[in-house]
Each structure stands twice: as C-alpha cells, then as structure tokens.
Amino acid sequence: MEPNYLIMLDYCTGQIIKIKLTEEEKSKSETYEDFEDFMRTELQDKYQFRTKDVCWMTTEDLDERTYNI
C-alpha cells in the first residue's frame, strides 16, 4: 500500500488533520526507515503539528463518513 494520505487526530487541539502527500513527499518518505521520523523531520513544521500530540495513520485512498454534524 502506497501512503497517499496522512490522517492525524491531534488530541491536544481536537483537530483532525488530513494531508494529501505530494509526489515529492512520497518519494522522500521512502528514504526514511520509519515514517514517523519522516513526519517529524519533513512535515511537522510545514503543516504545523507535533508528532508527540497526534495519533496517525496513512492510507492509499481517502474515504470519509460523518454523522449528525
């Protein structure tokens, strides 16, 4: 599965953060042994989140459901 999207739940701010990775970001992520290291060094400042404050997952396709909003 190729990570096309990074989805995070920031439990300090209550935000759901969804990032569609660029081709450059996907290529760069492959040079890291650990995706979390990639997030910390390449994405954290760019997208203004802290890896220590989020639960995260990557996915190939984005599919969302929302109820009672």
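I place each charge at NZ of Lys, CZ of Arg, CG of Asp or CD of Glu. With that, I get 9 positive and 17 negative side chains, and the centres of the two sets lie 5 Å apart.

**Ground rules.** My model is a predicted one, where local features need pLDDT of at least 70 and side-chain atom pairs count only at pLDDT 80 or more, while totals for chains, interfaces and linings use all residues. I number residues from 1 along each chain as its sequence is written, and side-chain values use heavy atoms, with hydrogens and water left out.

**Whole chain.** I looked up the secondary structure and found two helices and three strands. These are DSSP runs numbered from the N terminus: helices are H or I with at least four residues, strands are E with at least two. Starting at the N terminus, I read the order as β-β-α-α-β. The C-alpha atoms fill a box of roughly 40 × 25 × 15 Å along the principal axes.

Next I checked the surface. Areas come from the Shrake-Rupley method with a 1.4 Å probe, and for residues only the protein chains shown count as cover. The chain exposes about 5,300 Å², with carbon and sulfur atoms supplying 45% of it. I call a residue buried under 20% relative accessible area, exposed over 50%, and partly exposed in between (1.4 Å probe, protein chains only). Of the 69 residues, 32% are buried.

For contacts I take heavy atoms within 4.5 Å. Among contacts with a separation of 6 or more, 52% join residues 24 or more positions apart.

**The sheet.** Two strands pair if DSSP finds at least two bridges between them. I see an open sheet of three strands, order 2-1-3, with antiparallel pairing. Strand 2 (15-20) and strand 3 (54-59) are at the edges with a single partner strand each, so one side of each has no neighbour in the sheet. The twist averages 15° from one strand to the next; for such angles, axes are lines fitted to C-alpha atoms (for helices over the stretch in contact), and angles run from 0 to 180 degrees between N-to-C directions.

Which residues does strand 1 cover? I noted residues 5-10, paired antiparallel with strand 2 over six bridges. Tyr5 has Lys20 as its bridge partner in strand 2, and Asp10 stands opposite Gln15. In the hairpin of these two strands, four residues sit between them, and Gly14 there takes a positive phi near 75°. Strand 1 also runs antiparallel to strand 3, joined by six bridges, with Met8 opposite Trp56. I found five of the six residues of strand 1 buried.

Lys18 is in strand 2 and is partly exposed, because its relative accessibility is 42%. Leaving aside neighbours within four places in sequence, Lys18 touches Leu6, Ile7, Leu62 and Glu64. Its C-alpha is 11 Å from that of Asp63, though 45 residues separate them in sequence.

Glu64 lies in the segment after strand 3 and is also partly exposed, at 47% relative accessibility. Glu64 and Tyr47 are 17 residues apart in sequence but 21 Å apart in space, C-alpha to C-alpha.

Is Thr51 buried or exposed? At 8% relative accessibility, I count Thr51 as buried. Thr51 is in the loop between helix 2 (35-47) and strand 3. Beyond neighbours within four places in sequence, Thr51 contacts Glu36, Met39, Arg40 and Gln44.

Terms used
Lys, Arg positive; Asp, Glu negative; His and termini not counted.
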